[in-house]
Amino acid sequence: MAIPRLHVMQSEKTIRPMAMLPECHPCLERLVGLAVELATPDPEVRRRASESARRCLDQEFGPGAIPARIANRLLGIIHQLSGNQDPFAARKAAATTWAARMYRRLAPAYGDDLESLLRLAAVGNALDFFRGEAEATREMLARVGFELAAVPDFRQELAGPPGLLLYLADNAGEQFFDQPLVSGLRRRGWRVVYAVKGGSIQNDLTLADLEASGLRETLEPVVDTGARTVGLELDGVSPGFRELYAAAGIIVAKGMGHFETMSHLSDPRVWFLLQAKCHPVAQALGVDLNAFVFARAPGIPLDTRGQEA
């Protein structure tokens with residue numbers, strides 16, 4: 001039996017924006033290796049794509065950089081040189097099929113109150129292309145509790161006059177776990193818009209992936225960001241999405257990529273829902289590795305170089 005995690009209110013902890021640590025470099029190198037392998041069987045193309053991506057990594061890597069932003073540059077190079085715009089397509093399809101089975105297995109154990117719906121959505125974030133099914137299954141079968149939780153504050157926020165709530169989706173397969181929470185938020189009167197990526201990037205959810213899973217109609221209204229990025233880079237999204245983002249009263253951002261790219265914004269509308277699957281993210285959140293977290297964005301405004309604004 002899994003040992004329950006200590007449930008800590010967010011007000012009792014101070015979280016910090018994501019900071020680059022030395023171990024981010026080998027993690028990004030692993031991403032390059034995996035993406036190149038999936039992108040093409042041609043050894044010469046693999047060599048050129050790998051060398052170009054690693055040169056970019058060495059140039060971009062530094063104390064003030066954001067890992068997910070670097071990942072976006074690396075993946076763009078690999079897409080261009082390999083001619084394969086969606087190297088993770090097969091993995092996404094397999095993960096979605098597996099996630100549907102896991103959802104059917106796990107969902108009956110969760111209630112329909114707000115915290116239970118948040119925990120069910122969070123457990124879907126255990127999906128990860130660096131993990132095997134066995135490891136993810138162990139995490140998902142454990143009784144998930146938040147090590148860091150802002151549920152009471154979120155409940156209070158929802159009790160205000162309802163408006164637009166923007167839900168930023170993460171990995172393909174998580175839509176099954178997101179749907180009950182989206183429905184629950186809509187029952188509270190909020191207009192929830194489910195946002196996916198504007199094109200294939202890593203194993204992130206796109207409109208095509210959502211269509212293939214059969215859940216697009218259930219999750220409508222659905223939009224895409226207009227950008228192919230891990231996390232969210234607001235300077236690259238479509239004008240329509242930028243307007244939607246500006247109009248939102250609440251933003252739920254799923255997964256580590258969104259925490260990496262948005263935690264420095266000091267936007268009180270943003271609530272992060274994720275599993276801290278790497279040490280740098282766990283350290284920023286002040287939780288144990290692999291802890292599940294629902295937390296409001298940090299309150300110290302930083303610029304993109306990690307300096308106080």
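Start by selecting Cys27, Asp128, Phe130, Met256 and Cys278: of the 32 residues that line the largest pocket, these lie nearest its centre. The model in the viewer is a predicted one.

**The largest pocket**

Rolling a probe the size of a water molecule over the atoms is what shows where empty space is left.

Next, colour the helices that contribute to the lining. At least two lining residues come from each of α1 (24-39), α3 (67-82), α12 (256-262) and α13 (279-285). Which helix gives the most to the lining? Select α1, which supplies six residues.

Now colour the lining by residue type. There are 16 nonpolar residues, nine charged ones and seven polar ones.

**The cysteines**

Select Cys24 and display its side chain. Its relative accessible area is 6%, so Cys24 is buried. Cys278 has been on screen already, as one of the residues nearest the centre of the largest pocket.

For Cys56 the nearest cysteine sulfur is that of Cys24, 15 Å away, and Cys56 is in no disulfide. Cys56 also counts as buried, at 11% relative accessibility. A disulfide is a covalent bond between the sulfur atoms of two cysteines. How many disulfides does the structure hold? The count is zero.

**The aromatic cluster**

Across the whole structure, seven aromatic pairs are found.

Trp271 sits in strand β7 (residues 270-275), 23 residues from Phe294 in β8, and the pair links distant parts of the chain. Trp271 is buried as well, with 0% relative accessible area.

Ring pairs join Phe146, Phe154, Trp271 and Phe294 into a cluster.

**Arg269 and its surroundings**

Select Arg269 together with Tyr245. Arg269 lies over the face of the Tyr245 ring, at 5.0 Å from the ring centre.

The C-alpha atoms of Leu165 and Arg269 are separated by 9.4 Å, although the two residues are 104 residues apart along the chain. Leu165 is part of strand β3 (residues 164-168). It is buried, with a relative accessible area of 0%.

**Helix α5**

Select residues 114-123, which make up helix α5. Nine of its ten residues are buried, so α5 is largely enclosed by the rest of the structure. The buried residues include Leu114, Leu117, Leu118, Leu120 and Val123, along with Ser116 and Arg119. Ala121 and Ala122 are buried too.

**Backbone stops in the loops**

Begin at Glu220 and Pro221, which are joined by a cis peptide bond with omega of about 5 degrees. Pro221 is in the loop between α10 (216-219) and β5 (222-224).

Move to Gln202, in the loop between β4 (191-196) and α9 (207-213). Its phi is near 55 degrees, a positive value in a residue other than glycine. Gln202 counts as buried at 11% relative accessibility.

Finish at Ser266. Where is Ser266 found? The residue is in the loop between α12 and β7. Phi of Ser266 is near 55 degrees, again positive in a residue other than glycine. Ser266 counts as buried because its relative accessibility, 18%, is under the 20% cut-off.

Note on methods
Residues are numbered from 1 along each chain as its sequence is written. This is a predicted model: local features need pLDDT of at least 70, side-chain atom pairs count only at pLDDT 80 or more; totals for chains, interfaces and linings use all residues. Side-chain values use heavy atoms; hydrogens and water are left out. On a 1 Å grid over the protein atoms alone, a cavity is a set of points where a 1.4 Å probe fits but cannot get out, and a pocket is an open set with protein on both sides within 12 Å along at least five of seven lines; lining residues have an atom within 4 Å of a point. Helices (H or I, at least four residues) and strands (E, at least two) are DSSP runs, numbered from the N terminus. Ala, Val, Leu, Ile, Met, Phe, Trp, Tyr, Cys and Pro count as nonpolar, Asp, Glu, Lys and Arg as charged, and the others, Gly among them, as polar. Rings of Phe, Tyr and Trp (its six-membered ring) pair if their centres lie within 6.5 Å; planes under 30 degrees apart count as stacked, over 60 as edge-to-face and the rest as tilted. Buried means under 20% relative accessible area, exposed over 50%, partly exposed in between (1.4 Å probe, protein chains only). A charge sits over a ring if NZ of Lys or CZ of Arg is within 6 Å of the ring centre and within 35 degrees of the ring normal. A disulfide is a pair of cysteine sulfur atoms within 2.5 Å.
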